[in-house]
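Open the model in your viewer and keep the selection tool at hand.

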Amino acid sequence: MIEPIGNQYVVARPVYSANAFGEEHKKKQRYHKTFLDHLKECCSCSAQKTKRIALSLFPIASWLPAYRIKEWLLSDIVSGISTGLVAVLQGLAFALLVTIPPSYGLYAAFFPVIIYFFLGTSKHISVGPFPVLSMMVGAVVVRLTPSESTAALEISNSSMSNDSSVDEYKVMVAATVTILSGIIQLLMGVLQIGFVVIYLSESLISGFTTAAAVHVLVSQLKFMLQLNVPAHTDPFSIFKVLDSIFTQIEKTNIADLVTSLIILVIVFVVKEINQRYKAKLPVPIPIELIMTVIATGVSYGFDFKNRFEVAVVGEMKRGFQPPIAPDMQIFQETIGDSFGIAIVGFAVAFSVASVYSLKYDYPIDGNQELIALGLSNIFGGSFKGFAASTALSRSGVQESTGGKTQIAGLLSAIIVLIVIVSLGFLLEPLQKSVLAALALGNLKGMLMQFTEIRKLWQKDKYDCLIWIMTFIFAIVLGLGLGLAASVAFQLLTIVFRTQFPKCSTLANVGRSNIYKNKKDYSDMYEPEGVKIFRCPSPIYFANIHFFKQKLIDAVGFNPLRVLRKRNKALKKIRKLQRKGLLQVTPKGFICTNDGFKDSDEELDNNQIEELDQPINTADLPFQIDWNADLPINTAVPKISLHSLILDFSAVPFLDISSMRGLKTLLQEFIRINVDVYIVGSDDDFIEKLVQCKFFDDEVKDSIFFLTIHDAVLHILMKKDYSASKFNSSQEKEPKFDFTINTNGGIRNREYRVPVETKF
């Protein structure tokens, strides 16, 4: 019964052990589904289930009929045009990261958007090229593309014709990798294993994208300076590229350098204005489009290509090219890279989609997102595009310009389509250095994540360490190996967190039923002879020894050592008794021969297993007070602890190895007359211990209590009533009901016997 009194409450209930609670409140018998049950449910078919599956596979059927034309159409049109213009420029720029002709970037900005329009669940993300994925695909392209001296030989040995160019081979590699990563994403979605993204934490993604931004920055320097820098894909490649750049720095094309620096400064300034005055501006200033138009006009008008020998976009083929079949040999060589591209692409897209879904309160489905992205990449790769995800800046444009649904995405694809079929030739005079500068202008957000390290360190040092190590791995080892090493390191931090948990000793706060870390509060009360120990992590084979040591440090003694010392002393006492050298008195016993000595070495080496057994004094005519001074030449540690409470409310599981270690530890405490209680464990935890035959004559299932306070009250009742003068008929354990007095004591509501023990 709970009685509210103002802002306080009074609880009147019995002191519950787990067994007592189970006897009074019977559990319902629940049927737990087996694997066969789940399989039958999965394979069953009904009209409602068919409709639900169809709607989940084609989310457009859910939101398109509810589309509000008058309210949303104008906003989607404005957003679609703005996003489409940005998508064109980013497609051209990110194609340079893949090391293929810029025109193929338009295919990557068009086909995935069409597929996602029908299958995607997010209303706001803009699907298409993403610089990190472009870098990862470009690394594979560079690794598999032969050098100029061996190009003819390598291409002749491949499935391509002898007349094929190196650029066409690069396009084939990029398309094949994209198709394979799409197949991987599609399979993951069909098999409902989209949960793998949980292994990529926000700290890992942030560190990885920041490192990728640095890679993009370094890779674009050769376009901004127009230097012939050989590609590197092995570990430490970024340093090799920088070395090549600095050794050729005197060959820099000044026109490209000046143009790119001017573009960078203007883009950064205008983007800062857009950020600061986004509440006042109706739409962000489309600085990328403005600078592209100006740079293209200037380059064409002043003939930069011939006058200053700058590198330009070049021929932009109109229309679409026929689809291609992937190269099976490339499939075999790029399976690992494709898996990393698939995971990173999904992780980034799902993270951005989650932000907008929370902001606008609509659900997204991770597995359906995998299917949508997978088919988008398969379809886009078949038409010579490269891997697609979502760019943060492009999605931000689509959302900030008023985009309400994927209608905006469809309209952006139409803008890209117009450029592909009719307007692409206008971009032929555009300098590649301008595209590189525009690509770097979109990296500001990722590079600014450096400033978050200090805040991350204050929030969680492990997350900050993950960020730093992910950044270092991705920089030093490259994006592919760096991602694998980062995931491995992140999993290792989980091991460290659980292997070295922050155990604590609890005490009563304010003489109530609340127990906190005794180091955190001043008004703490610890019952005499009682120690409360809390472990906030699972106990398993890797941390059971750490748990033991922390518990030993908390209680102040090693129970095994105390047990062995007592058994050694007991051996000596029995020897003295057999030799008649002990004299029993009303106060205990005394040794009548002070010169008697025994060999510790003999005791240590002679049947050491006996020293770990329970102490048995039934054969002695007297009781031994182990905390008193014994009249024998063996020092026995004195301990004041009589009860130990283990708070396992934050322990989700134990494995077999830790069960053995825990049972041994409990036995050691019990054998030196320290009662052990476990509190906070759920029923499944106890059932598992029962199944593993954890309990025996020493470690009993009666040690479990519902709460710490139940265990404390049980201990106080046990100590007080064991010392009271009840007769033998009263010594049977009755069902007591105790409450807390205002002075911190406890009183018996049934027998009205005052108990003087206080906290």
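Start by selecting H124 together with Y356, Y360, Y362, S395, Q398, E399, G403, K404 and Q406, which H124 touches when residues up to four places away in sequence are not counted; contact means heavy atoms within 4.5 Å. This is a predicted model, in which local features need pLDDT of at least 70 and side-chain atom pairs count only at pLDDT 80 or more, while totals for chains, interfaces and linings use all residues. Residues are numbered from 1 along each chain as its sequence is written, and side-chain values use heavy atoms, with hydrogens and water left out.

Stay on H124. It sits in the loop between α6 (104-119) and β3 (127-128); helices (H or I, at least four residues) and strands (E, at least two) are DSSP runs, numbered from the N terminus. H124 counts as buried because its relative accessibility is 4%, where buried means under 20% relative accessible area, exposed over 50% and partly exposed in between (1.4 Å probe, protein chains only). Show the side chain of H124: one of its polar atoms lies 3.4 Å from the backbone oxygen of G403.

Zoom out to the whole protein. Its secondary structure comes to 30 helices and 16 strands, and 48% of its 759 residues are buried. Of the contacts between residues at least 6 apart in sequence, 78% join residues at least 24 apart.

Next, select L106, M136, V173, L200, F208, V344 and V416. Within the largest nonpolar core, which has 117 residues, these touch the most other members. A nonpolar core is a set of buried Ala, Val, Leu, Ile, Met, Phe, Trp, Tyr and Cys residues joined through side-chain atoms within 4.5 Å. Helix α10 (residues 202-225) gives the most to this core, 12 residues. For a second, separate core, of 36 residues, pick A18, V555, V651 and I703, which are among its members.

Which residues does L106 contact, leaving aside neighbours within four places in sequence? They are V88, L92, M316, V416, V419 and I420.

Finish with two loops. E309 is exposed because its relative accessible area is 59%. Then go to N673, in the loop between α28 (656-671) and β12 (675-679). Its phi is also positive, near 65°, and at 55% relative accessibility N673 counts as exposed.

Terms used:
A polar contact is a pair of N or O atoms within 3.5 Å; within protein, one must be able to donate a hydrogen and the other to accept it, and residues adjacent in sequence count only if both atoms are side-chain atoms.
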